[in-house]
Amino acid sequence: MAGAVLPRVIVCGAGLTGLTTAWHLRRLGADVQVIEAGDVVGGVIQSSSIDGYLVEHGPNSCMLTSELAHLVDSLALTPMLRPAAPDAQRRFIVRNGVPIVVPTSPLAMLQSPLFSLAGKLRVLAEPFIARRTAAGDESVAAFVRRRLGNEPLTWAVDPFVSGVYAGDPEQLSVRHAFPRLAALEREHGSLLRGMIAGARRSRAARGQPGITTPRATMVSFVEGLGTLPVALAESIGQERIMRSTRITGMKQVGAMIQLTVETHGERRTLQADVVISTLPLHVLTAMQLPAAVQADVEQLRTVHYPPVASLALGFRRADVAHALDGFGVLIPSAERCNTLGVLFSSTLFDGRAPDDCVLLTCFLGGVRHPELGVASTDDLVTLVQHELAAILGLTGAPTFVHHTVWPRAIPQYGIGHEANARAAERIEAAMPGLLVDGQFRRGVSVGDCVIAGEVIARRAMAHMTRPSPTSIATVADGVAWTPQAAAVGTH
Ligand SMILES: Cc1cc2nc3c(=O)[nH]c(=O)nc-3n(C[C@H](O)[C@H](O)[C@H](O)COP(=O)(O)OP(=O)(O)OC[C@H]3O[C@@H](n4cnc5c(N)ncnc54)[C@H](O)[C@@H]3O)c2cc1C
């Protein structure tokens with residue numbers, strides 16, 4: 001391979017999706033450059049140690065999928081990985097102002113005060129509800145109402161949707177936002193039958209010698225989730241990550257894609273055989289793009305990213321009456337509260353709060369209350385303190401406050417979301433060498449972004465190994481971009 005000119009790839013965005021994509025591309029032998037507008041990597045995944053608290057600005061934990069476990073192992077991060085405390089299995093949902101444990105088995109559901117007797121009987125009738133035959137997309141709310149009735153929608157699915165998407169079940173597409181749920185009906189004709197079949201399959205697999213199918217574990221790292229993007233950047237090579245550089249335009253130049261970028265006010269252009277956008281759609285669609293793709297850009301502009309505020313509050317332990325013996329508490333919209341949910345962060349992982357203190361991470365805003373996603377710190381602290389006083393038994397004011405605003409947090413997989421993937425495909429066809437991919441297309445969880453990174457890297461390699469030859473990068477506007485020394489198979 002010595003002396004060979006490697007195909008050049010530019011990855012736009014050093015969030016988890018962009019970094020995982022670049023990391024796989026390096027392993028596959030591509031010459032990669034990552035361009036990031038911020039001065040740090042990780043996108044929404046940021047962890048900070050402040051005053052004895054370990055604060056997560058975005059996600060607090062994630063499921064250890066096999067792909068994530070493999071990535072963590074390849075980065076030699078396994079010793080830093082931490083499973084969530086066993087208490088994290090317990091989750092609470094508020095009904096009539098009281099946190100109630102979410103039932104996790106049919107028997108527990110029958111005994112739970114979360115649903116009325118009529119609501120429970122309706123859930124038990126689910127296997128007898130016929131499969132949907134109508135074509136077309138269906139909202140999460142319509143799907144749950146049809147299969148399980150109103151109560152599970154109001155007291156379980158509505159708060160769960162808030163917890164994952166900060167979204168509204170009436171607006172999200174079940175097929176796109178929760179594809180596994182839709183698949184249970186399609187494949188088994190019933191959610192309950194599908195779940196029972198799945199549980200049987202796992203049990204049988206666990207019973208076979210040599211096969212271990214551990215339940216998915218919720219994890220973070222000793223120093224928070226920010227450990228993962230930092231390690232990815234290190235492994236990709238810091239010199240390959242161009243920070244504080246904002247991409248402002250993209251166009252086709254011959255067989256290559258040309259980017260216009262700005263670093264500290266200085267403008268220049270860069271070209272590559274393949275450019276991969278993992279940028280949020282509101283960023284991509286706001287930049288200069290060729291007229292030929294404008295109709296599809298308009299389509300992608302319709303994807304809504306609601307604002308979310310993450311408010312990390314530290315309290316003296318003695319000032320919180322609740323045992324905080326769980327993952328956290330979600331608050332259904334029927335409760336007419338402003339807070340969407342609260343994570344019991346210092347219960348989940350050790351080392352998140354000083355001795356005799358606890359850390360609660362509160363989420364506000366979303367589709368339910370967009371104005372609160374961008375409200376002032378003082379207003380939110382007052383509001384949350386008032387609402388949680390009754391729910392968690394707060395008797396004192398927070399002694400620590402850290403507020404992060406995500407003005408456009410998570411893409412909503414709305415009804416007709418399929419049109420967005422089609423629009424992305426048409427842009428890719430109109431601008432060969434550009435891949436428009438990432439979180440809006442392949443799932444929003446940390447685990448989804450890790451899987452997406454490998455898929456996108458393989459798509460890029462497939463483009464580069466097409467029969468038509470690709471040329472090497474050139475320098476435009478007289479601004480030199482020194483070709484990277486080709487390093488292959490270093491991981
Ligand atoms: C508040 C919050 C809580 C969450 N909680 C969880 C959770 O508990 N568990 C879970 O699994 N998932 C959670 N998620 C979802 C998950 O964290 C994200 O989906 C994932 O991290 C997104 O990664 P990404 O790389 O696709 O996007 P991003 O992290 O948004 O990265 C995009 C990158 O592009 C950069 N960029 C933007 N504009 C430009 C430009 N013009 N030029 C160059 N670069 C640019 C940005 O600076 C950023 O670094 C949460 C998300 C949020 C917002």
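**Exercise 1.** Which domains does the domain assignment of the chain give?

*Solution.* The model is predicted: local features need pLDDT of at least 70, side-chain atom pairs count only at pLDDT 80 or more, and totals for chains, interfaces and linings use all residues. Residues are numbered from 1 along each chain as its sequence is written, and side-chain values use heavy atoms, with hydrogens and water left out. Domain 1 comprises 8-44 + 226-304 + 414-464, domain 2 comprises 47-59 + 82-87 + 306-406, and domain 3 comprises 115-130 + 137-207. These bounds come from an automatic or database domain assignment.

**Exercise 2.** Describe the interface of domain 2 and domain 3.

*Solution.* Begin with the distance: the C-alpha centres of the two domains lie 28 Å apart. Next, identify the contact (heavy atoms within 4.5 Å), to which domain 2 contributes 12 residues and domain 3 contributes 11 residues. Then consider the buried area, that is, the accessible area (1.4 Å probe) that two parts lose on being put together, summed over both. It is about 800 Å² here, and carbon and sulfur atoms give 66% of it. On the side of domain 2, Leu 330, Pro 332 and Val 367 lose the most area to domain 3, together 51% of what that side buries.

**Exercise 3.** How many salt bridges does the rule find across the interface of domain 2 and domain 3?

*Solution.* The rule requires a side-chain nitrogen of Lys or Arg within 4 Å of a carboxyl oxygen of Asp or Glu. It finds 1 salt bridge across this interface. Separately, the side chains of Asp 158 and Arg 368 are joined by a salt bridge, at 3.4 Å from N to O.
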